[in-house]
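Here are a few exercises to work through with the model open in your viewer. Try each one before reading its solution.

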Amino acid sequence: MLEAFEAGFRAWLMPGVSAVLAVVATYAIYRLTLAVVRHFSESRAVPRLFLDASARALGLVFCLLALSGTLKAATDDLPLMGAIQQVTTLLLILAITWAAVRLTSAIGEVIVALNPVLEGHWKRARKVETQTRFLVRALNILIVIIGFGAALMTFESVQHMGASLLASAGVGGLILGFAARPVLSNLLAGMQIALTQPFRIDDVLHVQGEWCWVEEVTATYVVLRVWDLRRLVVPLQWFIENPFQNWSRNTADLLGAVFIWVDYTMPVEPLRQEFNRLLEQSNLWDGKLATVQVTDSNDQAMQVRFLMSASDSSRNWDLRCAVREGLVTFIQEHYPAQLPRVRARLVET
């Protein structure tokens, strides 16, 4: 045993030292080149963004390429040479897959950076961001699947199983399709949403009774930020099969209404004047719409609707609350007798 170990150590001494020196030299040259490129390039330049995103993965790829080249130059009769070459090839495939995923993600970040959200052009920027993130995640999943398959093909047992797998691919495909139906349906729904754009990043949605913003879009689900900072996670397939409200589909402008019940003896004109005064004093109103109408009545009171506009849903909510409070205070101070009341008549029998 000891003699075999000594013989193997002597046989691997020169090839091992050569492999270590090649890897160290390659890594040193790569780090020096990386430092020079970073020194003479701007931090927000497009090539720099790609380089920063994939620097570690590319360094590992170059080192493994140097190691693989050194091993191929050595003799094939070295002990464990086949196993070491297979492990090196496997690590190289995984490193290339990692680098491809990082580069693909960098493509998405570059596209989003080149289309910032500017005033008056937010719709196009959000559309590009949503489509890019959908497609980048789908492409990353495809790259990982291909890389994983290529890594498995380095094993001879898997290669021998290839013919049998192809023979039973029809049945296996059906079984896999039924088993992975939820995942595949969400992936297809993500592609459909990316192309048709029913919503975008930062859009305001009303989903299942919740007022929320689109915070994150993945390949299978959407993270919605509710107004009270809760997070609502919804599968993509749900948006294909169920209706939902998009409050910022074309524009963020929104109409808001305040309903107040008052007695029939309440004159509407003072309410209209007070409503206009409250709007003019508020910086939340966009100045587009202000309407007062009697929209309903019953045997006890009448309903007055105060309709107003704002530039977005958040300002609209704050404006409605402020107007409601101001109108109630106005009625309490100037027309307390015109608040809703229940009338009754006493009749002697």
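**Exercise 1: around α11**

Work out what covers the buried residues of α11, and which side of the helix they take.

Step 1. The cover includes β1, β2, β6 (254-262), α10 (268-281) and β8 (302-310), with contact meaning heavy atoms within 4.5 Å. Helices (H or I, at least four residues) and strands (E, at least two) are DSSP runs, numbered from the N terminus. Keep in mind that this is a predicted model, where local features need pLDDT of at least 70, side-chain atom pairs count only at pLDDT 80 or more, and totals for chains, interfaces and linings use all residues. Residues are numbered from 1 along each chain as its sequence is written, and side-chain values use heavy atoms, leaving out hydrogens and water.

Step 2. Pick out the buried residues (under 20% relative accessible area; exposed is over 50%, partly exposed in between, 1.4 Å probe, protein chains only). In α11 these are Ser313, Asn316, Leu319, Val323, Gly326, Leu327, Phe330 and Ile331. Their arc around the axis is only 145°, so they sit on the same side of α11; the arc is that of the directions from the helix axis to the C-beta atoms.

**Exercise 2: the open sheet**

Step 1. Five strands line up as β4-β3-β2-β1-β5, with antiparallel pairing (strands pair if DSSP finds at least two bridges between them).
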